[in-house]
Amino acid sequence: MALPRAFRAPSACLASALLCGALAACGGGGGGGAATEPPPVDVSAVAAADPGTALPASWKNGAFMEIHVRAYKDSDGDGKGDLRGLIQSLDYLQGLGITGLWLMPVTDSQDRDHGYSVSNYRGIERDYGSLADFDELLAQAHARGIGVIIDYVINHSAFDNPIFAHSRNSTANAYRDWYVWQAVVPAGWSIFGSNPWYGAGTGAYFAAFFSQMPDFNLRNTQVLDYHRSNLRFWLNRGVDGFRFDAVGNLVENGPAAWENQPENDEVMNAMRQVVAGYANRYMVCEAPGAPQRYAAPTSCGGSFAFGQQFNMVNATSGDVAAVAATATYYNTGPTNPSAATLAGFLSNHDSFASFNGNRVWDWVGGNAARYRLAAATNLLQSTTPFIYYGEEIGMAGGAGLSGDPKLRTPMSWNGNAVNAGFTTGRPFRALSANVAANNVAAQEADANSLLSFYKAVISLRKSRPSLMSGSYVAGTANGTLASFRRVLGAEQTLVVFNYGSTPATATIDGLPAGVTLPRLWPASGGAGSVDVAGQARIDLQAQSFAVFAVGP
């Protein structure tokens, strides 16, 4: 079934329109004619030089935290988060049980906020620090058993990227074919409601998301080589992998064929092979319209489980259809052969990826029982679940904000109504609306807090190899009840949910006959058992879940 355009629009789209208004001086809709002396460019080739890794292979299957560095922790009082602030927060992340970080773009950008308009693919955003700071972050994270993947924007660059300055300088420039050009603005195109072609004096360039983010010509082998070298630049420094942005929009074959074209898989397979050339690395792609397709080993080899975030949160309201969709999403089958490489998440930095552009707390109306059910579902189903920063304390959206900025507010480290413990200065953006109650300082002192719940479920996950990297087996639903097993070798773990508002008994079939079911969660309730027909009956309280070992 076709997904609504608002759902399919990748991360750079809405963010740019909302956050890049100040970029009009850079050219607005293109305009301005050609530059006479384009700035120098660095497209030098970078050879592979794997520095190795001390991380265990299991780091890729622990819980990941998505972090917007600008909004996480400010170390110098300028009101903007930075790499030093993130380094100071690593003990907190380690204590939570996180084994991987996804950093939204940390490269030098034109937008100076979300980072998806990249000005320099081999430099750090100056608000965040330096390459030396980044190297220190890697060293400190690795020392704590935490891997670091970074956002990579392969589809487009910033308008002010020196390579694009050359490309638009003249039709004869050596970099002209690095971007997508036509002689004049063509008719008949509409992407996300707008014509994606913009006049620039020397022709018309293609920019699907925003005039200030022109698309690379990914049919050009020189451009592919450039991206490969950029990946090696970061991998050689010790980066543990990448999250690739907007992979459904890489190649266009006309006004009716601009999304999920066959060439996209070829491009991403080429990038995957670069990453695979380094030991123990991980990559995952953003492909809202076709996550199962890009999860395949002939493409990205891993993608986010788009659609499942809506299933999981809606299931917590007792929606029977959503419960069924949640339970069966990861079942491997002919239409979903790469289910094991789909990475779960409840929300992220994009308003299109969340219900009405809300953080989970707002989405469920602050209902703690629903929130915990959604969190547990995400953490126990996927082989690589992602948490959006602040999700573990139930951060609400930014007070008085809308769109993507509402989701990208400063982290609530304490209940200070002025700075939330994020900075000693003035925060770059409004704080979360519930900072007074939902903050790290308050929840760390409360054994019954949401933060303590996240720690406990992540700890449970890490204690069972089958929950970390096992196969997803027998995802089934019956009304508001759902169950599945995670299996790795001889170890099996049974997970059962009651998303309903009344107590219920789940009947589980297909288990090994006669075995006991030691209870892993919650601590009370005792073990279960399986009869001679391989069936177990599990009593569950309303809006609760239980986890059992399947064995003698």
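Reply: Happy to! A crossing is called right-handed if the near helix is turned clockwise from the far one by less than a right angle, and left-handed if anticlockwise. Keep in mind that this is a predicted model.

Let's centre on helix α14, which spans residues 368-381. One partner is helix α17, residues 450-463. Their axes lie 10 Å apart, at an angle of about 25°. Angles under 35 degrees count as roughly parallel, so α14 is roughly parallel to α17. The crossing of α14 with α17 is right-handed. On the α14 side, the contact is made by Y371, R372, A375, A376, L379 and L380; α17 brings L450, F453, Y454, V457, I458 and R461. Sorted by class, this contact has 10 nonpolar residues, two charged ones and no polar ones.

Now for another partner, helix α11 (residues 308-315). The axes of α11 and α14 come within 8 Å and cross at roughly 140°, and the two helices are therefore oblique to each other. Here too the crossing is right-handed. From α11, the residues Q308, M312 and V313 take part, and they meet R370, A374, T377, N378 and Q381 of α14. The class make-up of this contact is three nonpolar, four polar and one charged.

To put the pair side by side: α14 meets α17 through a contact with no polar residues, whereas the contact of α11 with α14 has four of them.

Methods. Residues numbered from 1 in each chain as written. Predicted model: local features only at pLDDT ≥ 70, side-chain atom pairs only at ≥ 80, totals over all residues. Heavy atoms only, no water. Axes fitted to C-alpha atoms, helices over the stretch in contact; angles between N-to-C directions. Helix = DSSP H or I, 4+ residues; strand = E, 2+ residues; numbered from the N terminus. Parallel < 35°, antiparallel > 145°, perpendicular 65-115°, else oblique. Contact = heavy atoms within 4.5 Å. Nonpolar A, V, L, I, M, F, W, Y, C, P; charged D, E, K, R; others polar.
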